[in-house]
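Look at the structure first, then go through the points.

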Amino acid sequence: MSELAIRTENLVKHYGNTKAVDGLTMSVPRGSIYGFLGRNGAGKTTTIKSLLGLARANGGEASVLGYDIQREHLQVLQHTGFVSENKALFDNLTGDEMVRFNRGYFPTWSDKHVERYRKLFETPMDVPFGKLSLGNKTKVCLLLAMSQGAELLILDEPTSGLDPVAIDILMEVLIDDHVSEGRTVFMSSHQLAHVQKIVEWVGIIDHGRILLEARLEDVRQNYRVITAAGIETAARLSRPEIVGRRHSAKFWRYLVSRDSESVASELRQRGMAVSDVSPCGLEDVFLGVVRKEEDHAGVEVVA
């Protein structure tokens, strides 16, 4: 058995002249919670559709739970619980009716989990799906996916419309009912505050390419923000460790992936006054690797 729940290598998906997924390479360990992070339009949903066989990739290779996504997509679907970005199901059916419809297709289906999630999320199961609010549609979709007992959960924007209490419950359920039993959760989102509470791995995507893939703990330990003041010619230090550089008022802020003290030392040698070297959060890292240039905000990001 592969140690990876999801593996892609140079995956490509284009629509006409637009490359929605552009040579994406990614590794998702089994039994982990993986945060697939990106802006709207970064390629997250197209990647997921390609993995599930809902959109046919134009190039590259990928496997899900060891199954080839091109030749064995039915096996992928049988072993994967999926919540789509648009939360689309059968508008005329109630949650209870969809439970009865789905139950026979999944040998590992759990009615016990259905009742647990119905109560935990206060899910309205007797109302036609099309008449529900976005938050309640999300609850029904999550209940159906999480009750399958699937080896892998793929959740595309799973907090859509949920209130803070429901989001907190969802985060606990993903850990207690799924990862603790050796299952894998692949969660696509642009809500960094929610994701960073539970994920073990992060993959940051932009323009269809993975810009960063790492353990979240490694990101927290290695990345630093250096704050310094000085003239522009001295500030434009170029080193591989410098992921991003921003200029605001009198200060320059550098996002550094490693060797922060060495970078700070060289800045001092160039005449810069370094005032702080501090740990940074996931949001700092996300913005640093995604932003290319924002002249209106006085931001410059260097590759």
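In this predicted model, the largest pocket has a volume of about 640 Å³. Its lining takes in 21 residues, and none of them is charged. The largest cavity holds about 80 Å³, and 4 of the residues lining that cavity are charged.

**Largest pocket**

- Five of the 21 lining residues lie nearest the pocket centre: Phe 82, Leu 89, Asn 102, Phe 106 and Gln 148.
- Four elements each give at least two residues to the lining: helices α2 (73-78), α3 (95-103) and α5 (134-146), and strand β6 (80-83).
- By class, the pocket lining has 16 nonpolar and 5 polar residues.

**Helices α3 and α5**

- Both α3 and α5 supply residues to the pocket lining, and these two helices also pack against each other.
- Their axes are 11 Å apart, at an angle of about 20°.
- An angle under 35 degrees counts as roughly parallel, so α3 and α5 are roughly parallel to each other.
- The crossing of α3 past α5 is right-handed.
- On the α3 side, the contact uses Gly 95, Met 98, Val 99 and Asn 102.
- On the α5 side, Val 140, Leu 143 and Leu 144 take part.
- This contact has 5 nonpolar residues, 2 polar ones and no charged ones.
- Asn 102 belongs to this contact and is also among the residues nearest the pocket centre.

**Helices α4 and α6**

- Helix α4 spans residues 111-120, and helix α6 spans residues 164-178.
- Their axes come within 12 Å and cross at roughly 160°.
- That angle makes α4 roughly antiparallel to α6.
- α4 passes α6 in a right-handed crossing.
- From α4, the contact residues are His 113, Arg 116, Tyr 117 and Leu 120.
- From α6, they are Ile 169, Val 173, Asp 177 and His 178.
- By class, the contact of α4 with α6 divides into 4 nonpolar, 2 polar and 2 charged residues.

**Largest cavity**

- How many cavities of 30 Å³ or more are there? The count is 1.
- About 80 Å³ of space lies in the largest cavity.
- Ten residues line the largest cavity, with Arg 246, Arg 253, Tyr 254, Leu 255 and Asp 284 nearest its centre.
- Strands β12 (242-248) and β13 (251-256) and helix α11 (282-290) each give two or more residues to this lining.
- The cavity lining divides into 4 nonpolar, 2 polar and 4 charged residues.

Methods. Residues are numbered from 1 along each chain as its sequence is written. This is a predicted model: local features need pLDDT of at least 70, side-chain atom pairs count only at pLDDT 80 or more; totals for chains, interfaces and linings use all residues. Side-chain values use heavy atoms; hydrogens and water are left out. On a 1 Å grid over the protein atoms alone, a cavity is a set of points where a 1.4 Å probe fits but cannot get out, and a pocket is an open set with protein on both sides within 12 Å along at least five of seven lines; lining residues have an atom within 4 Å of a point. Grid points are joined across faces, edges and corners, and a volume is the space filled by probe spheres set on the points. Ala, Val, Leu, Ile, Met, Phe, Trp, Tyr, Cys and Pro count as nonpolar, Asp, Glu, Lys and Arg as charged, and the others, Gly among them, as polar. Axes are lines fitted to C-alpha atoms, for helices over the stretch in contact, and angles run from 0 to 180 degrees between N-to-C directions. Angles under 35 degrees count as roughly parallel, over 145 as roughly antiparallel, 65 to 115 as roughly perpendicular and the rest as oblique. A crossing is left-handed if the near helix is turned anticlockwise from the far one by less than a right angle, and right-handed if clockwise. Contact means heavy atoms within 4.5 Å.
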